[in-house]
Amino acid sequence: MGKLTDKKIAILTEDGFEEIELTSPKEALEQAGATVHIISPKSDSVRAKEGDEWKGDYKVDKALDSASADDYDGLLIPGGVINPDKLRVNESALSFVKAFFAAGKPVSAICHGPQVLIDAEVVEGRKITSVGAIKRDLINAGAQWEDSEVVTDQGLVTSRTPEDLPAFNKKIVEEYAEGKHKGQHA
């Protein structure tokens, strides 16, 4: 049995996510025994990018309007430039994110993914990292930003770029296995 057997993890995404930032963590979570669902405001499929190029389409397992944080043990937000920008202005997506924090459930985000956390108003006072392009946004939102391959703060796991995926994947498996964290809050 894997570390995450009987755990369900939601990946919240829109079109324009960085492909490897969804596929690599999803594979690591599944190899550890988790059931992983792609959740999106779109109901059919979402389209990946690799840098500036559009890539493959990925089936949405559950539309956001019918998804509940109560049904999942953790949340993952992949980066890319377009994906977080779409999610951060979607009130349903922000409510979904906030529900994980309110329940003390682990949340992870990589690259530009923490932009969604800014608009969900859950970064103030939290240790966090991201791609350098959004460092100032996170600091302005009250986060304690640091330049490290992976940063963990009471169930919140963040990383900078695809180069950090090995450390990120290892840490998210560990945090999701631990479950709820008292210090994780909205």
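1. Basis. In this predicted model, local features need pLDDT of at least 70 and side-chain atom pairs count only at pLDDT 80 or more, while totals for chains, interfaces and linings use all residues. Residues are numbered from 1 along each chain as its sequence is written, and side-chain values use heavy atoms, with hydrogens and water left out.

2. Core. The largest nonpolar core holds 53 residues. Such a core is a set of buried Ala, Val, Leu, Ile, Met, Phe, Trp, Tyr and Cys residues joined through side-chain atoms within 4.5 Å. Buried stands for under 20% relative accessible area, exposed for over 50%, and partly exposed for values in between (1.4 Å probe, protein chains only). The residues with the most contacts inside this core are L12, L29, L75, F96, V97 and L117. Helix α3, residues 91–102, gives the most to the core, with 6 residues. Helices (H or I, at least four residues) and strands (E, at least two) are DSSP runs numbered from the N terminus.

3. V97. Contact is taken as heavy atoms within 4.5 Å. With neighbours within four places in sequence left aside, V97 is in contact with L12, L75, I77, V116, L117 and A120. L12, L75 and L117 are also named among the residues with the most contacts inside the core.

4. F96. This residue is found in helix α3 and counts as buried, at 5% relative accessibility. Not counting residues up to four places away in sequence, F96 touches A10, L12, I39, L64, A67, S68, A69 and L75. F96 and H185 are 89 residues apart in sequence, with 13 Å between them in space, C-alpha to C-alpha.

5. F100. Helix α3 also contains F100, which counts as buried at 0% relative accessibility. Leaving aside neighbours within four places in sequence, the contacts of F100 are A10, A69, Y72, G74, L75, K105 and V107. The C-alpha atoms of F100 and D70 are separated by 8.1 Å, and the two residues are 30 residues apart along the chain.

6. L117. The place of L117 is in helix α4, and L117 counts as buried because its relative accessibility is 0%. Apart from neighbours within four places in sequence, L117 is in contact with I77, V97, F101, V107, A109, V122, V123, I128 and L156. L117 and I39 lie 78 residues apart in sequence and 16 Å apart in space, C-alpha to C-alpha.

7. Helices α1 and α6. How do α1 (residues 19–31) and α6 (residues 165–178) pack? Their axes are 9 Å apart, at an angle of about 45°, so α1 is oblique to α6. Axes are lines fitted to C-alpha atoms, for helices over the stretch in contact, and angles run from 0 to 180 degrees between N-to-C directions. Angles under 35 degrees count as roughly parallel, over 145 as roughly antiparallel, 65 to 115 as roughly perpendicular, and the rest as oblique.

8. The α1–α6 contact. From α1, the residues I20, S24, P25, A28 and L29 meet L165, F168, N169, I172, V173 and Y176 of α6. By class, this contact has 9 nonpolar, 2 polar and no charged residues. Ala, Val, Leu, Ile, Met, Phe, Trp, Tyr, Cys and Pro count as nonpolar, Asp, Glu, Lys and Arg as charged, and the others, Gly among them, as polar. N169, in helix α6, is buried at 9% relative accessibility. Its contacts, leaving aside neighbours within four places in sequence, are S24, P25 and A28.

9. E14. Is E14 buried or exposed? E14 counts as buried, at 11% relative accessibility. E14 lies in the loop between β1 (8–12) and β2 (17–18). Neighbours within four places in sequence aside, E14 is in contact with S40, P41, K42, V46, N83, K86 and L87.

10. Positive phi. E121 is not a glycine, yet its phi is positive, at about 60°. E121 is found in the loop between α4 (114–119) and β9 (127–128) and counts as exposed, at 65% relative accessibility. Q154, also a residue other than glycine, has a positive phi near 50°. Q154 lies in the loop between β11 (150–153) and β12 (156–159) and is partly exposed, with a relative accessible area of 40%.
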